[in-house]
Amino acid sequence: MAAMPPPIADERAGLKEYVKAQQHAFHAIAFGLSDEQARSTPSASALSIGGLIKHVTHCQRGWMERVAAAPDLPRTDTRPMDDQAAEYEDEFIMREDETLVDVLAAFDHQNAETLHLVETADLGAAVPIPQDVPWFPKDVPAWSVRWVFFHMIEELARHAGHGDVIRETIDGATLYELLAGLEGWPETEWLKPFKPVNA
């Protein structure tokens, strides 16, 4: 995949290509990492690359449940709050029993679901705003599906930026050299593709 989204013909194509570009950034950030590196937390943050990928997988899933249910609210989670809280905490951590391959596979499965909805959902449909979430607005009854996809781009980009910092702290690798290595770009005088140690 190119480092930049291709030219776009319309709004839906633009949303799809920019969502795809931000999703793909996480593959670059994870490129060449061992499981141990992917679960490490080398920066000032408690986040790891694997934990970030798990989080954006869950983040997409939650928002896409809202899109799929629009104009209704998605099904209410009736599990005890302790169970919900434990699942939320787990989504930020790559556990010892998890591999980077498995974390990325779950991410890619959700990516495909997200892109399917970008292609098929009614962009103007109302997405009701739950009024029990403190950071959601109280003076607006609904977002649109269009708004949700713009927000999804924002969420993915923000967390990809976190991942850039964590990855550079792990081994000094930065995004364009990671993309170059992942996608097989030719080496230039000013860009050397990243080569994994075990390659």
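Accessible areas here come from the Shrake-Rupley method with a 1.4 Å probe. In this predicted model, the accessible surface of the protein amounts to about 11,000 Å². Carbon and sulfur atoms account for 57% of that surface. Turning from the surface to the interior, buried residues represent 41% of the 199 residues in the protein.

Seven helices and two strands make up the secondary structure of the protein, and along the sequence they are arranged in the pattern α-α-α-α-α-β-β-α-α. The radius of gyration of the protein is 18 Å, close to the 16 Å given by the globule rule for 199 residues, so the protein is as compact as a globular protein of that length. Taken along the principal axes, a box of roughly 55 × 45 × 25 Å is filled by the C-alpha atoms.

The peptide bond that joins A70 and P71 is cis, with omega at about 10 degrees. P71 sits in the loop between α3 (49-69) and α4 (81-90).

Charge is the remaining topic. The side chains of the protein include 16 positive and 33 negative ones. The centres of these two sets lie 2 Å apart.

Key: Residues are numbered from 1 along each chain as its sequence is written. This is a predicted model: local features need pLDDT of at least 70, side-chain atom pairs count only at pLDDT 80 or more; totals for chains, interfaces and linings use all residues. Side-chain values use heavy atoms; hydrogens and water are left out. Helices (H or I, at least four residues) and strands (E, at least two) are DSSP runs, numbered from the N terminus. The radius of gyration is taken over C-alpha atoms; the globule rule is 2.2 Å times the number of residues to the power 0.38. Buried means under 20% relative accessible area, exposed over 50%, partly exposed in between (1.4 Å probe, protein chains only). Lys and Arg count as positive and Asp and Glu as negative; His and the chain ends are not counted. The place of a charge is taken as NZ of Lys, CZ of Arg, CG of Asp or CD of Glu.
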